[in-house]
Structure formats: C-alpha cells, structure tokens
Amino acid sequence: MTDLLSGFLEALSPRCYVTTGFSARTGLAWLFPGFDGLKLISVERGAFFCSPGEGVPRLELAPGDCIALLRPHNYVLATSADAEAVLASTVPYRREHGLAQYGGDDVITFAGKMMPDPAVAELFFAALPAHFVIPREAGGESIGRLMREIHAEREEERPGGEWAVKRLIDLVMLSVLRFALEHESVVSTGLFRAMRAPGLRRALIGIHDAPERAWTLADLAHEAGMSRSRFAEHFRTAMGVPPLEYLMRWRVRLAVRRLRDTDEPVKAVAAKLGFSSANTFSNAFRRIEGMSPVESREKTRELLSARLGPYAPPDESGF
C-alpha cells in the first residue's frame, strides 16, 4: 500500500447514510441533538447559519459551502444570525421531495449523516476538529453535488440505486478527508500531520500494511529514513504517542473489528495480529479499551445492531 488515505477509507467503510435537508423561510432557528458520527450540511440557497455547539457563535455559510460536524454535541441550525433557537422536535413541518418544509424556500440545505465503522473511526476522527467549514471554492460545491446525487438516488429509488449510493458515500468521505489533509489550518496535529510528512507516512504505511509484524523502533525508523531518536521524536510530536504505542492501539482497533465481525476465538485473533500470547493480548486490550476482548465482542455487536436505518423525520434523526 502506497496510499495511506485509501487504506483508511477501506477501514472506515462508511456504508450507513441518512439523507435529510430543509427548505425554510428566513428568521428561524432549531436546536438539534448531537449525532455520534459524521454530519454534513451543504447550502443550496440563501444565507445559512450553524452553531456547532450550544453557546458557540453561529457560523455563516453561503451557497456552495459545507460544514462537517464530528462530535455528538447539540447544535443549532438557523436561517438568520439572531433568531432564537427552539427545540427542533417541537416545530411542525411537512416532508416533500425528501426535505423538511418550514414555510418557505429562502434557504435550502441538503444534509447527510454517515456512520463510519466505529471500530476504527474513533482512532481516525480523533485527529480531526469537532467541526470545520469546507468553502465552495475549496471543494464544498463538489461535495454538495455528490450529496444531491445521493438524495436523488434515495428519493427516486431507481434500479441500482443502492450500489450508486454506496460509491457516492465513499466519494463524499474521500472529499471531506482530502480537504482536511490538504489544509493544515483545519488540522495540524495527529494522524493528518503525520500523513503530510513523507518519512512518517512511510512508517505508518509499514504499520498498516503489516500490523502483525514484530516491529521494532529501529525497523520503523528505517522505513522513515531517520535515526531512531529523530524518528521517535518526530512521531511522538505529530501523533501524541510513541511509535510502538500507536502500533499497539492500531492492532487493538483491528481486533475490536475482528472480534465483532467473526466468531474466531480470542487466541486466534491475538495470533493473527502479532501478539505473543492471548494473555498479552488481553492485557493490552483491557488497558486500551477498558474491557476484555469478550466484553468488547458483546458490546460492539449490540451497537452494530442499533445502527442507523432509513430516513427518519428531523425530530427523530437529529436532522
């Protein structure tokens, strides 16, 4: 693997997507509950405002702009800068063409909620800020176009629509992450910073290509083309953890997914991910996850069964 971002996209597997959006008159504002995933809003028409957290000043977005929300914080959407927000669940609306209608068309938005694979998303999304705006000229317009296509496929239910939607969702996720990777002002630390540095990126590719390998600090420094001390310092500065700790955390995240998706014994999972024994694996797993592998298998399967379903009205879906 030479393209680290492609590898992460495969691991994230964003397959669950709920389409929403609204058409509204000016002078309105709604308070929505947070969502534990990635929430995207694209402005189609009018002046749109978003407060990505209660008490956070409203950001103004113009047509073509998008905003990404990545933390489960309550948030405010508005069609004016100063309208008082009310609970969205208390505001009547009607649904037409897949959009919530709020008495006008001064402002039109398309929105989507996606749930990447939680087994690996936590490690990846932790490097991103709680929210960021993607301006029209920097990719927001193209993301909005993809979101409209997803919306149309879901509404029209054409043959092959689900196949198309899955690939469009992948392109939306790719566009959002490319923007974050290409703009240091969005995220300057963590995984994205490391991916911008050729040496660190080569070491990460080694880890992700062969997480089961018995990597040493010297091995990873060699991949990066640095001395051990220089590599260790640069890696920790970028990632916030030492190289071998990152390796351990990535192995555990992969183990979470394998335990959830297969019935392999814990001992077999441990061996396939490079742990010397089931006991070593269980100790590392509990230190990082706060529970045993068996407990994780039960919990993550329960969470998986509760994933998002089809469209739900704004008061249920959190818009």
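**View 1. Helix 6 and helix 8 sit roughly perpendicular to each other.** In this predicted model, the axes of helix 6 (residues 198–209) and helix 8 (residues 228–239) come within 11 Å and cross at roughly 85 degrees. That angle is why the pair gets its label: 65 to 115 degrees counts as roughly perpendicular, under 35 as roughly parallel, over 145 as roughly antiparallel, and the rest as oblique. An axis here is a line fitted to C-alpha atoms, for helices over the stretch in contact, and angles run from 0 to 180 degrees between N-to-C directions. Helices (H or I, at least four residues) and strands (E, at least two) are DSSP runs, numbered from the N terminus. Helix 6 brings Leu-200, Ala-203 and Leu-204 to the contact, and helix 8 brings Phe-231, His-234, Phe-235 and Ala-238; contact means heavy atoms within 4.5 Å. Sorted by class, that makes 6 nonpolar residues, 1 polar and no charged ones. Here Ala, Val, Leu, Ile, Met, Phe, Trp, Tyr, Cys and Pro count as nonpolar, Asp, Glu, Lys and Arg as charged, and the others, Gly among them, as polar.

**View 2. Helix 1 meets helix 9.** The axes of helix 1 (residues 4–12) and helix 9 (residues 243–261) come within 12 Å, crossing at roughly 35 degrees. Look for Phe-8, Glu-10 and Ala-11 on helix 1, which meet Tyr-246, Trp-250 and Arg-257 on helix 9. This contact has 4 nonpolar, no polar and 2 charged residues.

View 3. Two strands pair if DSSP finds at least two bridges between them. Strand 4 (residues 48–51) pairs with strand 5 in the antiparallel sense over 3 bridges, and Phe-49 stands opposite Glu-60 in strand 5.

**View 4. Phe-32 and Tyr-75 stack their rings.** The structure holds 12 aromatic pairs, meaning rings of Phe, Tyr and Trp (its six-membered ring) with centres within 6.5 Å; planes under 30 degrees apart count as stacked, over 60 as edge-to-face and the rest as tilted. In this pair the rings are 5.7 Å apart centre to centre, with 20 degrees between the planes. Phe-32 belongs to strand 2 (residues 29–32) and Tyr-75 to strand 7 (residues 75–78), so the pair ties together parts that are 43 residues apart in sequence. Phe-32, at 1% relative accessibility, is buried, and so is Tyr-75 at 2%. Buried means under 20% relative accessible area, exposed over 50%, and partly exposed in between (1.4 Å probe, protein chains only).

**View 5. Ring pairs build a cluster from Phe-22, Trp-30, Phe-48, Tyr-93 and Tyr-102.** Tyr-93 and Tyr-102 form a tilted pair, 5.9 Å centre to centre with 45 degrees between the planes. Tyr-93 is partly exposed at 28%, whereas Tyr-102 is buried at 6%. Phe-22 sits in strand 1 (residues 16–24) and is buried at 1%.

**About the model.** Residues are numbered from 1 along each chain as its sequence is written, and side-chain values use heavy atoms, leaving out hydrogens and water. Because the model is predicted, local features need pLDDT of at least 70 and side-chain atom pairs count only at pLDDT 80 or more, while totals for chains, interfaces and linings use all residues.
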